[in-house]
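Hello,

Here is the structure I promised to pass on.

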Amino acid sequence: MDRNWDILIIGGASGAGKTSISRPLSKLYGVDLVRVDDFQILLEKMTTPESCPAIHYWDTHPNWREEGIDAAVNRLIDVGQVLMAGLTAVINDHIEENIPMILEGDFILPQLSASFNHSRVKSIFVHEPSKEQILQNYLAREGAFQQHRADISHAYGNWLAENCAKYGIQVIEPRPWDSVLVRIIESF
């Protein structure tokens with residue numbers, strides 16, 4: 001299938017459907033799918049809490065749940081900020097080497113997408129506005145009821161959507177699922 005992009009950035013909160021959307025798009029366009037979570041895991045293994053506190057926050061603060069939803073959202077934003085320089089370098093490398101990819105993940109911030117003024121870099125953020133749907137997505141995906149995690153994801157998703165509006169970045173709701181891929185493809 002023809003595409004008018006070399007890099008497609010797909011951001012959004014956990015449980016919103018990014019991976020369920022990214023995988024078939026990757027296959028449809030025949031491009032690599034790169035998960036930002038892999039970079040977070042890599043940094044966690046290659047750094048210390050002292051050298052990179054944001055990446056290690058959840059391990060070094062066992063009572064982080066008691067800090068509240070807003071604090072948890074701020075920690076997700078902190079990780080996104082730590083990853084931004086590295087993700088920018090990866091995107092630039094793919095552009096220079098002419099290697100198309102879809103970059104997908106929770107830690108992609110709207111300001112990263114907005115920093116690319118390149119016609120071959122497109123961005124879309126997936127936003128699930130229903131906290132109940134996020135909860136159901138976790139239950140279906142992981143087989144566990146995760147209310148606190150859904151609360152955080154819902155708040156983070158709202159923050160991402162608000163910031164996408166500030167930068168003029170497109171936000172798409174994943175439901176109805178049967179039309180989401182067509183809606184994304186038609187949006188470019």
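**Cysteines and pockets**

C52 is buried, at a relative accessible area of 10%. C164 is buried too, at 0%. Please keep in mind that this is a predicted model.

How many disulfides does a search of the whole structure find? The count is 0.

**Largest pocket**

The volume of the largest pocket is about 810 Å³. Its lining has 30 residues, and S14, D106, Y138, R141 and R149 are the closest to the centre. Two or more lining residues come from each of these elements: α1 (18-29), α2 (36-46), α4 (69-96), β3 (101-105), α6 (131-142) and α7 (147-167). Which of them gives the largest share? That is α7, with 5 residues. Sorted by class, the lining of this pocket holds 11 nonpolar, 10 polar and 9 charged residues.

**Second largest pocket**

The second largest pocket has a volume of about 160 Å³. Its lining is made up of S113, A114, F116, N117, H118, V121, K122, S123, Y167, G168, I169 and Q170. The elements giving two or more residues to this lining are α5 (110-114) and β4 (121-126). The largest share, 3 residues, belongs to β4. By class, the lining of the second largest pocket splits into 5 nonpolar, 6 polar and 1 charged.

Best wishes

Notes. Residues are numbered from 1 along each chain as its sequence is written. This is a predicted model: local features need pLDDT of at least 70, side-chain atom pairs count only at pLDDT 80 or more; totals for chains, interfaces and linings use all residues. Side-chain values use heavy atoms; hydrogens and water are left out. A disulfide is a pair of cysteine sulfur atoms within 2.5 Å. Buried means under 20% relative accessible area, exposed over 50%, partly exposed in between (1.4 Å probe, protein chains only). On a 1 Å grid over the protein atoms alone, a cavity is a set of points where a 1.4 Å probe fits but cannot get out, and a pocket is an open set with protein on both sides within 12 Å along at least five of seven lines; lining residues have an atom within 4 Å of a point. Grid points are joined across faces, edges and corners, and a volume is the space filled by probe spheres set on the points. Helices (H or I, at least four residues) and strands (E, at least two) are DSSP runs, numbered from the N terminus. Ala, Val, Leu, Ile, Met, Phe, Trp, Tyr, Cys and Pro count as nonpolar, Asp, Glu, Lys and Arg as charged, and the others, Gly among them, as polar.
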